[in-house]
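The following note sets out numbered points for a colleague who is reading the structure shown here. Please keep the sequence and the 3D view at hand.

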Amino acid sequence: MGTFIQLVVDGLSAGSIYAALALAIVLVNQATGLINFAQGGLAVLSAYIAYAFVQFGLPLIAGIILAVVISFFIGALVERFLVRRFERGDPDTAVVVTIGLLTLVTGITAIIWSYNNLGFPSLFPLSSVDILGAVVSVRSLATTVTILVIMVLLQLLFLRTKLGLALRAVADSPASAALSGLPVGRLLMVGWGLAATLGAIAGVLVAPQLTLTPGMLDTALVYALAAVILGGLSSPLGCVVAASAIGVLENLVAVYIPLIGHDLKIAVPFVLIFVILILRPQGLFGRKVVVRV
Amino acid sequence: MSSVLPVTRKPVTRNRAGRTVLVVVVALALLVAPLVLPAFANQTLIRIGVYAVAVLGLNIVMGYTGQVNLGQIFFLGLGAYVTAYGVKQGWNIVLVFVLACVIAGIVGLLVALAAARLGGLAIAMVTIALPIVGVPLAKRLDEFTGGSQGISARFTDAPDWSGLYNDQWQFYIILLVTAAAFLLGRNLVRGKYGRAFGVVRENEAVAASMGVSPYRTKVLAFTLASIFGGASGFLYLAAVQYTSPETLSFGHSITLLAAMVIGGAGSITGSLIGGAYYVLVPLLTNAIDPSFTTASQGAILLLVLFLLPEGLVSLPRVVRRLTRGPTKRPVPGNPQQPAPARRPVPEDAPEGLEQPERHDRS
């Protein structure tokens, strides 16, 4: 029983990282209709920036906050100077742009910091607590709680503030939003900035566990995309639920089904996707879009 | 990204004669080349052929049908593994080739049946999993794949009667298959399926109203792309004679996609340029400094998207348009500027939309 609870808690903590990336992807998608494949790469860059500040002698928390703020501007600038040109065009081209961006960002971090693994200090103590016979590290608990708090804040931002309303309006229909006097371009920049911020938080939370490498979040990005497909692109809540479910499920499967084991557990969400796609093409929580000709 | 639009209309006969001469010259050059070139140049050309076939497959599903596919390298790897296994078992080489294509095609069909249901960008999100699941899978199935050690198989040594070196013999094998693949691909995209692909890419609703099922067309394109991928895997093994999980890594898949876009999406010649890009540019950047390879690939991809959205294949056309200048009057009925099917919206557009708001608040 202890092992089981342990696995579930570990799964939830991994799932919360996937959830943060998935939320960032949904945020950009809702605002622009794009899938940003560079989300993971940008998050890794943020973690490296925080690392650089710590190397500079700043306290860890200050480094992280600075990196998160810088990430907001990086996200906004990327939208303004790179993505905007392709936003209204062919969505395929725009996706290829984000893939080019992923390659470029990964390459730049590799040039500056090399491909070697770097140790990233943890924000939370490495001690662990005992919950129902399971040894749970304070770090995973704190990571999960942090992501949950951010999710609630994000939900409040979207539902209770004017900015959130405006962002949703732009997402719904950029043309109508522009006609009602919203600064669509600036709101898109804010949307990308917020998404980059979310990614940055995921990056600094996961870096101590994985150690910093330029490709650190490639796998997490794949899980996040799986969560986005499962949860439906239109539902932030669905993504978080799906991400947690994937985190827990893959952990359980890795231990209890030896045939799959640790090296193949990444296949689990995709097998799940194939099954669900056949049964529910719009995702678990997504709305069915009716196209009228 | 659309098909080649003739800028000037010469008399058809002269054009066709010119083309035939060009094709004959190129064919002769390719036949003679391996005999006179050094082994290293031959090996480079061989690898260009291998990847050109993979890029051609990717072009069918992505360039022509508009489905972003991040998993094409998986099918190359699958074809390479099937080939290696078949050669080890001592099967007939033609049978091995057919198996490499068919198995890749079946897997591609299964993936497409699920992925094409989602439509749009979801196919990209599903296919990204292929290389990422493929690498551990290849390590796990070590009975067939040799695990992380990889598996090697030689079957392309030159027979004695030919009097050729190994690299020359390989060159001819790969030239034969690549030429056949390109001929097939060209006929495919120029024929009725090619038109169906184009309509589905432009507008699925229109396609459906014309009696073309978008779902079936997408599944067909994806399956065909996988078959080309499997064939290129066979060629990969013929050329390299060794494969390991590294062959189908995620980074290679991205490079393959970049190669297709840089060569020219929706263009047969572009696929060939893409294959050359895939092989030659890392060769160049590695010679300068290996740590710049990834960043330079990203930068080149973004630059091409900005400056030449239709890829390198459109370079001569763009240069011709620029050098001719704006003074010449467009020929009536034949607009001089063949507008790209989807020209990116100028940057001012969103700015213009912002105007009313600025006015209100000030």
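1. Accessible areas come from the Shrake-Rupley method with a 1.4 Å probe, and for residues only the protein chains shown count as cover. By this method chain B exposes about 17300 Å², of which carbon and sulfur atoms supply 66%. A residue is called buried under 20% relative accessible area, exposed over 50%, and partly exposed in between (1.4 Å probe, protein chains only). Chain B has 362 residues, and buried ones make up 50% of them.

2. This is a predicted model, in which local features need pLDDT of at least 70, side-chain atom pairs count only at pLDDT 80 or more, and totals for chains, interfaces and linings use all residues. Residues are numbered from 1 along each chain as its sequence is written, chains are lettered from A and ligands numbered from 1 in the order in which they are written, and side-chain values use heavy atoms, with hydrogens and water left out.

3. On confidence, pLDDT is the predictor's confidence in each residue, from 0 to 100. The average for chain B is 82, and 85% of its residues score at least 70. Residues 1–10 of chain B stay under 50, and the model has 23 contacts for them beyond four places in sequence; a contact means heavy atoms within 4.5 Å. The pLDDT is also below 50 over residues 333–362 of chain B, a stretch with 40 contacts beyond near neighbours in sequence. Where pLDDT is low, the predicted coordinates should not be read in detail. For the complex, the predictor gives an ipTM of 0.85 and a pTM of 0.84.

4. Chain B contains 16 helices and two strands. Helices (H or I, at least four residues) and strands (E, at least two) are DSSP runs, numbered from the N terminus. Among contacts in chain B between residues at least 6 apart in sequence, 76% join residues at least 24 apart.

5. How many salt bridges does the structure hold over all chains? There are four, a salt bridge being a side-chain nitrogen of Lys or Arg within 4 Å of a carboxyl oxygen of Asp or Glu. One of them joins the side chains of Arg201(B) and Glu202(B), at 2.9 Å from N to O. Arg201(B) is buried at 14% relative accessibility, whereas Glu202(B) is partly exposed at 43%.

6. Lys218(B) and Glu204(B) form a salt bridge through their side chains, at 3.1 Å from N to O. Lys218(B) lies in helix α11 (residues 214–240) of chain B and Glu204(B) in helix α10 (residues 204–209) of chain B, so the pair ties together parts that are 14 residues apart in sequence. Lys218(B) is buried, with 4% relative accessibility, and Glu204(B) is partly exposed, with 33%. A salt bridge also links Glu310(B) and Arg317(B), at 3.1 Å from N to O; both of these residues are buried.

7. Helix α9 (residues 192–202) of chain B has as its buried residues Gly194(B), Ala196(B), Phe197(B), Val199(B), Val200(B) and Arg201(B). Their cover includes α2 (39–64), α8 (166–190), α10 and α11 of chain B.

8. A nonpolar core is a set of buried Ala, Val, Leu, Ile, Met, Phe, Trp, Tyr and Cys residues joined through side-chain atoms within 4.5 Å. The largest such core has 190 residues, and Phe37(A) and Leu212(A) touch the most other members. Beyond four places in sequence, the residues that Leu212(A) touches include Ala47(A), Tyr48(A), Leu118(A) and Phe120(A). Another core, of five residues, lies apart from it, with Ala196(B), Val199(B), Val200(B) and Ala207(B) among its members. In soluble globular proteins, nonpolar side chains tend to be buried together.

9. Ser114(A) has a positive phi of about 65°; it is found in the loop between α4 (91–113) and β1 (128–131) of chain A and is partly exposed, at 26% relative accessible area. Gln241(B) also has a positive phi of about 65°. Gln241(B) lies in the loop between α11 and β2 (242–243) of chain B and is buried, at 11%.

10. Ala171(A) belongs to helix α6 (residues 162–172) of chain A and is partly exposed, at 23% relative accessibility. Leaving aside neighbours within four places in sequence, Ala171(A) is in contact with Gln30(A) and Ala31(A).
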